[in-house]
Amino acid sequence: MKYNVNIVEVGSNVEDMLKTGLLILFNQSAPEDLKPFCVVTEENKHDGQVESGDVVTIVGCTYKVTAVGNIVNENLYSLGHASLCFDGAKKAQLPGHIHLTPGFESDLSNLGEITIK
């Protein structure tokens, strides 16, 4: 396990962000003005390098990592921050993006956990 956190809050604008295929993660240190756009998580208790081919599970639904930006690992483990893009891109569009297979299906109303293996 490379990453494992519990979701503690889902921002009020997250559903609108998901319509564009984007889910923003941040730990509880997220600035207050960004929290409405984020899935806020507890601190991660694991480490490892997230890379293409890994599997991300969000509240019981799995997605394959297709591309990883060059600062994802630094930001994910220091701030709990990454932008999850459900577009299947083979090359990261921005340094903080994790691209995943398309079709977000997780139910964030139940909160739950996010893992990366």
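Trainee: What should I know about the numbering and the values before we start?

Mentor: Residues are numbered from 1 along each chain as its sequence is written, and side-chain values use heavy atoms, with hydrogens and water left out. Since this is a predicted model, local features need pLDDT of at least 70 and side-chain atom pairs count only at pLDDT 80 or more, while totals for chains, interfaces and linings use all residues.

Trainee: What makes the strands a barrel, and in which order do they run?

Mentor: Eight strands form a closed barrel in the order S1-S3-S2-S6-S7-S5-S4-S8, with mixed pairing, and the twist averages 35 degrees from one strand to the next. Strands here are DSSP runs of E with at least two residues, and helices are runs of H or I with at least four, numbered from the N terminus.

Trainee: How do you know that S1 and S8 are paired?

Mentor: Two strands pair if DSSP finds at least two bridges between them; strand S1 (residues 3–10) and strand S8 (residues 112–116) are joined by five bridges and run antiparallel, so they meet the definition. Within these strands, Val5 stands opposite Ile114 in S8.

Trainee: Why is Asn27 called buried?

Mentor: Buried means under 20% relative accessible area, exposed means over 50%, and partly exposed lies in between, with a 1.4 Å probe and protein chains only. Asn27, which lies in strand S2 (residues 22–27), has 2% relative accessibility and therefore counts as buried.

Trainee: What makes the link between Asn27 and Glu43 a polar contact?

Mentor: A polar contact is a pair of N or O atoms within 3.5 Å; within protein, one must be able to donate a hydrogen and the other to accept it, and residues adjacent in sequence count only if both atoms are side-chain atoms. The side chains of Asn27 and Glu43 make such a contact at 3.2 Å.

Trainee: Why is the pair of Glu51 and Lys2 called a salt bridge?

Mentor: A salt bridge needs a side-chain nitrogen of Lys or Arg within 4 Å of a carboxyl oxygen of Asp or Glu, and the side chains of Glu51 and Lys2 meet at 3.5 Å, N to O. Glu51 lies in the loop between S3 and S4 and Lys2 in the segment before S1, so this pair ties together parts that are 49 residues apart in sequence. Glu51, at 44% relative accessible area, is partly exposed, whereas Lys2, at 16%, is buried.

Trainee: Which other residue forms a salt bridge with Lys2?

Mentor: Lys2 also forms a salt bridge with Asp54, the closest N and O atoms being 2.8 Å apart, and both of these residues are buried. Another salt bridge joins the side chains of Lys19 and Asp16 at 3.6 Å, N to O; there Lys19 is exposed at 69% and Asp16 partly exposed at 46%. Through shared partners, salt bridges join Lys2, Glu51 and Asp54 into one network.

Definitions and conventions: Axes are lines fitted to C-alpha atoms, for helices over the stretch in contact, and angles run from 0 to 180 degrees between N-to-C directions.
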